[in-house]
Amino acid sequence: MLKKELRKTYREKRNDVSPTEKLKWDDLLLIRFQTIELPYISHVLSFYPIEENNEVNTFHITDYLRFRNPGLHICYPRTDMQNHAMEAVVCHPDSIFQSNAWNIPEPLDETVAEPSEIDLVIVPMLICDTKGNRVGYGKGFYDRYLAQCRPDCIRIGFSYFEPVEAVDDTGEFDVPLDFCITPERAYVF
């Protein structure tokens, strides 16, 4: 399938997930994530889940990572709409977030981690295929950012749905995932 079709289909599917299913599946995602052996991590780039999009609760994941890695720096993206770029802002439990033009909460903190400092990126997605090709929201911010990260930076996506067979229109600048975690299992690419 093409990204445009997958985007439409999986937005609808995710919007149809009930609050009860979401709570259960978020717990299962954390359990599956805990089965992955990760190296020492000092900087994680996550994303602030948008409730109205029924996105995966990434706070469970970052709370677990912080528990396992004392001193962990949790970063959240801040976008530059004019340059189609993004940066990783180091946040704290009391950080203040403000919604941007797309209603995406972004931190107001000032400390920015360089892409070379990021050890793991929790990448937003709608679906991926069996090779780790991700379908995101279509603006390319994460692919551009991931291209700047170290080759050993871990790219992980969380999805309520199992991967599809293939994303037919992947591009040369698309950066695939290393892992996709679903309620059913952890996929390694």
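Predicted model: local features only at pLDDT ≥ 70, side-chain atom pairs only at ≥ 80, totals over all residues.

**Entry 1: D129**

I looked up D129 and found it buried, because its relative accessible area is 2%; buried means under 20%, exposed over 50% and partly exposed in between, with a 1.4 Å probe and protein chains only. Residues are numbered from 1 along each chain as its sequence is written, and side-chain values use heavy atoms, with hydrogens and water left out.

I placed D129 in the loop that runs between β8 (127-128) and β9 (134-135); strands are DSSP runs of E with at least two residues, helices are runs of H or I with at least four, and both are numbered from the N terminus.

What does the side chain of D129 reach? I found the backbone nitrogen of K131 at 2.9 Å and the backbone nitrogen of V167 at 3.0 Å. I count these as polar contacts (a pair of N or O atoms within 3.5 Å; within protein, one able to donate a hydrogen and the other to accept it, with residues adjacent in sequence counted only if both atoms are side-chain atoms).

Setting aside neighbours within four places in sequence, I listed P163, V164, E165, A166, V167 and F189 as contacts of D129, contact being heavy atoms within 4.5 Å. I also checked D129 against L177: they are 48 residues apart in sequence, and their C-alpha atoms are 9.7 Å apart in space.

**Entry 2: H43**

Next I turned to H43, which sits in strand β1 (residues 43-45). Is H43 buried or exposed? I have it down as buried, because its relative accessibility is 10%. Its side chain makes a polar contact of 3.0 Å with the side chain of S42. Beyond four places in sequence, H43 touches several residues, including L72, H73, C75 and D119.

**Entry 3: the whole chain**

Of its 189 residues, 49% count as buried. The C-alpha atoms fill a box of roughly 40 × 35 × 30 Å along the principal axes. Among contacts with a separation of 6 or more, I noted that 68% come from residues 24 or more positions apart.
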